[in-house]
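Please keep the model open while you read this note. Check each point against it as you go.

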Amino acid sequence: DLAARVRSECPGDERAQVTRLWRLLFAEEPNAADLTRSLAFLKELGALPQWKERKDPKDTRDPELLAMAGLCHVLLGSNRFLYLD
């Protein structure tokens, strides 16, 4: 749901989606390195063969949404999200 939310709030702009996700989870903008790593993660995950090459025509999963959901999982499991400094 979180991945779908950031995609619907910033359609077609991965950079804005990642920035929105960081704002929602951490109440701050991502720094340049965090943004670069997040965008690279989305690109790599979205290009996985099991998501791109579907053998079943009934499979309607969106690789970009799955990648964003993966990034959401990673950030939700991060120390930054789980612990306060």
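The points below run from the whole chain down to single residues.

1. **Ground rules.** This is a predicted model, in which local features need pLDDT of at least 70, side-chain atom pairs count only at pLDDT 80 or more, and totals for chains, interfaces and linings use all residues. Residues are numbered from 1 along each chain as its sequence is written, and side-chain values use heavy atoms, with hydrogens and water left out.

2. **Overall fold.** The chain has six helices and zero strands. Here helices (H or I, at least four residues) and strands (E, at least two) are DSSP runs, numbered from the N terminus. In sequence order the pattern is α-α-α-α-α-α.

3. **Burial.** The chain has 85 residues, and 33% of them count as buried. Buried means under 20% relative accessible area, exposed over 50%, and partly exposed in between (1.4 Å probe, protein chains only).

4. **Core.** A nonpolar core is a set of buried Ala, Val, Leu, Ile, Met, Phe, Trp, Tyr and Cys residues joined through side-chain atoms within 4.5 Å. The largest one holds 16 residues. Val 18, Leu 21, Leu 42, Met 68, Leu 71 and Leu 75 have the most contacts inside it. Helices α1 (2-9), α2 (14-26), α3 and α5 (63-76) each supply at least two residues of this core. In soluble globular proteins, nonpolar side chains tend to be buried together.

5. **Leu 75.** Which residues does Leu 75 contact, leaving aside neighbours within four places in sequence? They are Leu 21, Trp 22, Leu 25, Phe 26 and Phe 81. Contact means heavy atoms within 4.5 Å.

6. **Length of α3.** Helix α3 covers residues 32-46, which is 15 residues. At 1.5 Å a residue (times one less than the number of residues), α3 should span 21 Å, and its end C-alpha atoms are 21 Å apart, which agrees.

7. The buried residues of α3 are Asp 34, Leu 35, Ser 38, Leu 39, Leu 42, Leu 45 and Gly 46. They cover an arc of only 135 degrees around the axis (taken from the directions from the helix axis to the C-beta atoms), so they lie on the same side of α3. The face turned away from that buried side carries the exposed residues Ala 32, Thr 36, Arg 37, Lys 43 and Glu 44.

8. **Thr 19.** This residue is in helix α2. Is Thr 19 buried or exposed? Thr 19 counts as buried because its relative accessibility is 12%. Leaving aside neighbours within four places in sequence, Thr 19 contacts Glu 29, Pro 30 and Leu 35.
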